[in-house]
Amino acid sequence: MIGSVPILRIGRTLLLSIQLELSDAVAETLQNDVLLAIEKHGTSSLVIDITGFDFVDTYVARILAETSKMARLMGTETVIVGMRPEVAATLVRMGYTMEGVRFALDLDEGLGLLGHVIAR
Amino acid sequence: MVEVISRVEVPIACEDDVVVVRRRVRVLAGQRQLDSFAVAAVTTATSELVRNVFVHAGGGKAILEEVTDGTRYGLRATFIDEGPGIDDLERVLRGGYSTAHTMGLGLSGSRRLVDRFEIETEPGKGTCVKIEKWAPF
Ligand SMILES: Nc1ncnc2c1ncn2[C@@H]1O[C@H](COP(=O)(O)OP(=O)(O)O)[C@@H](O)[C@H]1O
Ligand SMILES: [Mg+2]
């Protein structure tokens, strides 16, 4: 757990599912804590599930993009999954497309992108 | 003629007020038949504008109004501060410019998310941003 955000491990992947509304301060703390968790668990990939976000402003979007870049510097690939249609539309309309960040439709696709094979 | 159905004033004094104000906007917008895209748009714009009042002006207030023009409903939000004002408004509204080394997409982006966007600012006096988002016909 990071604060009240559960962190799950699936093999060498860390799964962060954010279900609460992030204040700016909490978002920044969470960013640091994720990086520490990557180091602690020796993970090679990170999945951030944002299905729980019904809106994302430029502050939170920047934190997500930065976290992905920071994780990459540590050798960990990040995929952000579950962005809702309303959030995608809002971010693009505002002019922020989060370049350099990888996205997948849902958790299944995200894990697939990271090389996990899910038995069906 | 636009009629005001309800009006509430909310202080913006600390960082948590960003969360408080946008929550109220989200609830009001949902109640007034705005669709999920419109709710996300006006909630996001509110988040940006409240943060600006707190970060760039050190505080101020928000006025949230439910409005109707007789055929449909809308939400009007006004963000007022007595901070330093904005020197180069044109540049700020083009987007990508920030004195805080952040995204610089708050004002320009919010403008694109709402149906009406008005800004008045005077260096040394303060800033007032008014937005409206209307339910579709
Ligand atoms: N309420 C305000 N009072 C004073 N300056 C402001 C205010 N809102 C915005 N600004 C100025 O406009 C710039 C751009 O704002 P914005 O588009 O929200 O981007 P950011 O907040 O990332 O800097 C800010 O860096 C600041 O200089
Ligand atoms: Mg801003």
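Let's start where the two chains meet: 20 residues of chain A and 23 residues of chain B make the contact, with contact meaning heavy atoms within 4.5 Å. Putting the chains together buries about 2000 Å², and carbon and sulfur atoms give 56% of that. Buried area here is the accessible area (1.4 Å probe) that two parts lose on being put together, summed over both. On the chain A side, Glu21(A), Phe55(A) and Met94(A) supply 31% of the area chain A buries against chain B, more than any other three residues.

Keep in mind that this is a predicted model, where local features need pLDDT of at least 70 and side-chain atom pairs count only at pLDDT 80 or more, while totals for chains, interfaces and linings use all residues. As for bookkeeping, residues are numbered from 1 along each chain as its sequence is written, chains are lettered from A and ligands numbered from 1 in the order in which they are written, and side-chain values use heavy atoms, with hydrogens and water left out.

Seven salt bridges turn up across the interface of chain A and chain B; the rule asks for a side-chain nitrogen of Lys or Arg within 4 Å of a carboxyl oxygen of Asp or Glu. One of them pairs Asp57(A) with Arg51(B), with the closest N and O atoms 2.9 Å apart.

On chain A, the elements giving two or more residues to the side that touches chain B are α1 (24–41), α2 (58–73) and α3 (85–94). α3(A) gives the most, with six residues. Helices (H or I, at least four residues) and strands (E, at least two) are DSSP runs, numbered from the N terminus.

**Chain B and confidence**

Chain B has four helices and five strands, running β-α-α-β-β-α-α-β-β from the N terminus on. Its C-alpha atoms fill a box of roughly 40 × 25 × 25 Å along the principal axes.

pLDDT is the predictor's confidence in each residue, from 0 to 100. Here is how the chains score:

| Chain | Mean pLDDT | Residues at 70 or more |
|---|---|---|
| Chain A | pLDDT 92 | 97% of residues |
| Chain B | pLDDT 96 | 100% of residues |

Within chain A, strand β1 (residues 7–10) has the lowest confidence, at a mean of 88, and α3(A) the highest, at 98. The model as a whole scores ipTM 0.94 and pTM 0.95.
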